[in-house]
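Thanks for coming. I will go through a few residues and what surrounds each of them. Please have a look at the structure first.

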Amino acid sequence: MIRRFYLLVFLFAVQGAFGQCGIEQKVFRAGEKLTYKAYFNWNFIWLEAADVEFTVTHTANKRAYNFTSIGTSLPKYDWLYKVRDTFRSKVNVETLQPWFYHRNTSEGSYRVNNKYHFNYSDSLIYTDTDNSDFGKAMDTIAFPDCTFDVLSAIYYTRSLDFDHRKIGEKIPITFIIDNELYDLYIRYLGKETIETRTGDIYKCVKFNILLVEGTIFEGGEDMTVWATDDRNHIPVLVEAKIVLGKVKAFLTDYQNIKYPLSGWLGKGE
C-alpha cells in the first residue's frame with residue numbers, strides 16, 4: 001500500500017517546463033512538513049491503510065536541500081503486511097536536481113536498499129542496490145539532462161508555473177526509479193474545486209498521469225492529481241486505478257509552508 005502511494009505522489013513530476021531544468025521560484029522552504037493518509041479500495045470498502053510524511057531541511061552549509069519521506073502502515077495492519085519505508089534525496093538548492101538518492105524500504109518480506117549518486121560531469125548515475133528478490137548489484141546508468149529521482153521530482157514540479165498551460169496539453173516527464181529511466185507525460189486538465197475526505201475544500205489544478213503497465217498499475221492515463229491552485233502547489237488528493245482496485249491519498253496536515261494556503265476555501269457543510 002505504501003509503495004503504491006509513493007508511486008502516486010512521485011509520478012506528479014514534470015520536466016522541461018521552461019526548456020531547461022531551471023526554475024523561477026521555489027514554492028517551499030526548509031522546515032515544511034506535509035502529512036497524508038492513504039486509503040485502499042477493497043470490495044467497495046475504503047480502508048484507511050497508511051500514514052506518509054514529507055519534510056524539507058537544509059544541509060549545514062545551505063547549499064542543498066534534504067527531502068525526506070517516511071511511510072508506515074497503520075499498527076492494526078502490521079500483523080498482515082508491515083511497511084516501514086524511508087526515501088531521501090539531497091538536491092542542488094538552486095536547480096533542485098538530485099545529487100544523491102536513497103530508498104530504504106521494508107514491505108512485508110520484501111526489502112530494498114537503493115543508493116544513487118548523480119555525476120553531472122559525465123552524465124552518469126552510479127547505483128548501489130540491494131533487493132531481496134534479486135540480490136545485490138552495482139551499475140552505471142547514463143542519464144539525460146533534467147532527470148530526477150521520484151522524490152526530488154515532486155518538489156521540482158511544485159515550483160513550476162502552471163498558469164499558462166492549455167487544457168489537454170501534455171508535459172513530458174523523465175525520472176529514475178528502480179534503476180530504470182522513464183519518459184512519460186502528464187495531461188493538464190484545468191482547474192477544479194474539490195472537497196477531500198477530511199471535509200476541506202480546495203481550489204486546485206488537475207492532471208491525468210500516463211502510467212507504465214506493470215504489477216501495480218494497469219497502464220494508461222489512470223491517475224489523477226489535484227494540487228492547490230496557489231503559490232504552494234501542494235498535492236491534496238491523488239487517485240489511481242490499480243490492478244486490485246483503487247488508491248486514494250489525502251492531505252491531512254501541513255506545517256511551515258512558504259505561503260498562505262489561499263487554495264484552501266474552508267470546511268464543507
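When I say contact, I mean heavy atoms within 4.5 Å. Keep in mind that this is a predicted model.

Let me begin with N131. This residue belongs to strand β7, which covers residues 124-131. Leaving out neighbours within four places in sequence, N131 is in contact with Y110, R111 and V112. With Y110 there is also a polar contact, side chain to side chain, at 3.0 Å. Is N131 buried or exposed? Its relative accessibility is 14%, and the cut-off for buried is under 20%, so N131 counts as buried.

Next is S73. You will find S73 in strand β3, residues 64-73. S73 has a relative accessible area of 7%, so by the under 20% cut-off it is buried. Which polar atoms does the side chain of S73 meet? One is a backbone atom: the nitrogen of V83 lies 3.0 Å from a polar atom of the S73 side chain. There is also R84, whose side chain makes a polar contact of 3.4 Å with the side chain of S73.

Last, the surface. W79 sits in helix α2, which runs over residues 78-81. Here the relative accessible area is 70%, and exposed means over 50%, so W79 is exposed. Which residues make the nonpolar surface patch of about 410 Å²? W79 is one of them, together with L80 and Y81.

To recap: N131 is buried, S73 is buried, and W79 is exposed. That is it from me.

How values were computed
Residues are numbered from 1 along each chain as its sequence is written. This is a predicted model: local features need pLDDT of at least 70, side-chain atom pairs count only at pLDDT 80 or more; totals for chains, interfaces and linings use all residues. Side-chain values use heavy atoms; hydrogens and water are left out. Helices (H or I, at least four residues) and strands (E, at least two) are DSSP runs, numbered from the N terminus. Buried means under 20% relative accessible area, exposed over 50%, partly exposed in between (1.4 Å probe, protein chains only). A polar contact is a pair of N or O atoms within 3.5 Å; within protein, one must be able to donate a hydrogen and the other to accept it, and residues adjacent in sequence count only if both atoms are side-chain atoms. Patches are made of residues with over 30% relative accessible area and no salt bridge: like charges are joined within 9 Å, nonpolar side chains (Val, Leu, Ile, Met, Phe, Trp, Tyr) within 5 Å. Accessible areas come from the Shrake-Rupley method with a 1.4 Å probe; for residues, only the protein chains shown count as cover. A salt bridge is a side-chain nitrogen of Lys or Arg within 4 Å of a carboxyl oxygen of Asp or Glu.
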